[in-house]
Amino acid sequence: MLKLSFRYDQTSARLEVDGLPDISLGHSEETIGIISSWTLQLVGSPELSGKRVHLESMMAAVLPYARHRLSGVKRAFGDEHQPVSISPNESGHKLLLRSSQKGVKPLTVHLDDAELTDLVRCLDALRLDIRVKVSWQIPSYRPLHHKDIADRVPFARRFTAALIGISAFVSVAAIGLLIPIPEGSDLSPIEARLTMPTRKL
Amino acid sequence: MDMTQASKTKRAILGRRACERLDLLLLVIEALDLNSSEAMLFTSHKLGFQALFPNRVELWKRRCYNPLRKTTRRGNLSEVDAEALIKLLCSMADRLYPVLRQLLSKKEPKALNDERWNLFGTRLNELIQERMNLRRGAVQRLLSKEDMNSFHYELIFTLALAAGPGGVDRLRASLLDPFS
């Protein structure tokens, strides 16, 4: 059986995936169903390589990071137990890769925004490639929660509607309190008005 | 549920701010590509939206759901129209990706890139003045932002992350954020 190799190129990134069709699932000879290895070349950084689990970890960190960044939220993805994590820094983005081999120090790659978008496009191309029939365990893109973007939205914009509502209610209540109740009457103001004699013109 | 499945099931009506943002991003495309009005129509036909946008007027009418425009339409952009506009935007961003990348790259010569940013900023402001209702406070804020450069940078970065078929789901999810 021939080993298949697919390549995804961008200006500063090249992702190459090697694998085989999963015959048990009835894949054709031109389909990758089992990923055996992959390599990622980022301009100005050492070549990265690994197994499927590492690639999946990279996708699980980088793609949600890009999704959050699109909403203006800068937060890290991937913790110290994951092979790959990404976080924002002063110059752009810091990609941290931890080797599963003992004694190998984590590798840090600094990316600017253009390099990040190149990497995201490579991962997107792999994810959407119909020739690669792999079920990626990546969280789906969803709208963010209020708490995620609360810091990004100005205080005034967050509470404008509530403030207008409360102030309108208070104003109406204050005006209502200013209307005097007719003296010497047991009737409520509304009843008193209803019983007032009408003047004919 | 993986991302591909999610894209097929998720569709929703965009809020007012999301319509504003979508139209503003299309305006950014116009600022980057002088021939974009023709290119948008051509791309929409290529994407199979000929029935939705048979001509430029129909495309313009959908964009008029942006309440900041001089000529606006009441109501909400329908789900089908919103999805078509998102896909059109991502496709146009994909087409212009080399330009977006050039603007974002820190490895480009700084003086040259500064000129590119200036040119882009001028064109975008001119388009905003031409198309938007200048009496609206939100439009005035768009034109008088103190941190105009970072605002323009965010718009270009947004387009770069939304470029291509992979960007459609990301952009849609982002437009459906609360406060959008």
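A:Phe6 is placed opposite A:Val17 of strand β2 in chain A. The model is a predicted one, in which local features require pLDDT of at least 70 and side-chain atom pairs count only at pLDDT 80 or more, whereas totals for chains, interfaces and linings use all residues. Residues are numbered from 1 along each chain as its sequence is written, and chains are lettered from A and ligands numbered from 1 in the order in which they are written.

Strand β1 of chain A covers residues 4–9 and runs antiparallel to β2(A), to which six bridges join it; two strands pair if DSSP finds at least two bridges between them. Strands (E, at least two residues) and helices (H or I, at least four) are DSSP runs, numbered from the N terminus.

Along β2(A), residues 13–20, A:Ala13, A:Leu15, A:Val17 and A:Gly19 point to one face and are buried, that is, 20 or more other C-beta atoms lie within 10 Å of their own, with C-beta atoms placed from the backbone; exposed denotes 12 or fewer, and partly exposed the range in between.

The loop between β2 and β3 of chain A contains A:Glu29. This residue is exposed because 10 other C-beta atoms lie within 10 Å. A:Glu29 and A:Ile130 are separated by 101 residues in sequence and by 13 Å in space, C-alpha to C-alpha.

Chain A is divided into domain 1 (4–149) and domain 2 (155–195), with bounds from an automatic or database domain assignment. The C-alpha centres of these two domains of chain A lie 60 Å apart.

Between the chains, 27 residues of chain A are in contact with 26 residues of chain B, contact meaning C-beta atoms, placed from the backbone, within 7 Å. On the side of chain A that touches chain B, α1 (52–70), α2 (113–128) and α3 (146–149) each supply at least two residues. The most comes from α2(A), with eight residues.

In chain B, helix α5 comprises residues 79–95. Of its 17 residues, 13 are buried, so α5(B) is largely enclosed by the rest of the structure.

Notes. Expected span 1.5 Å × (residues − 1). Contact = placed C-beta atoms within 7 Å.
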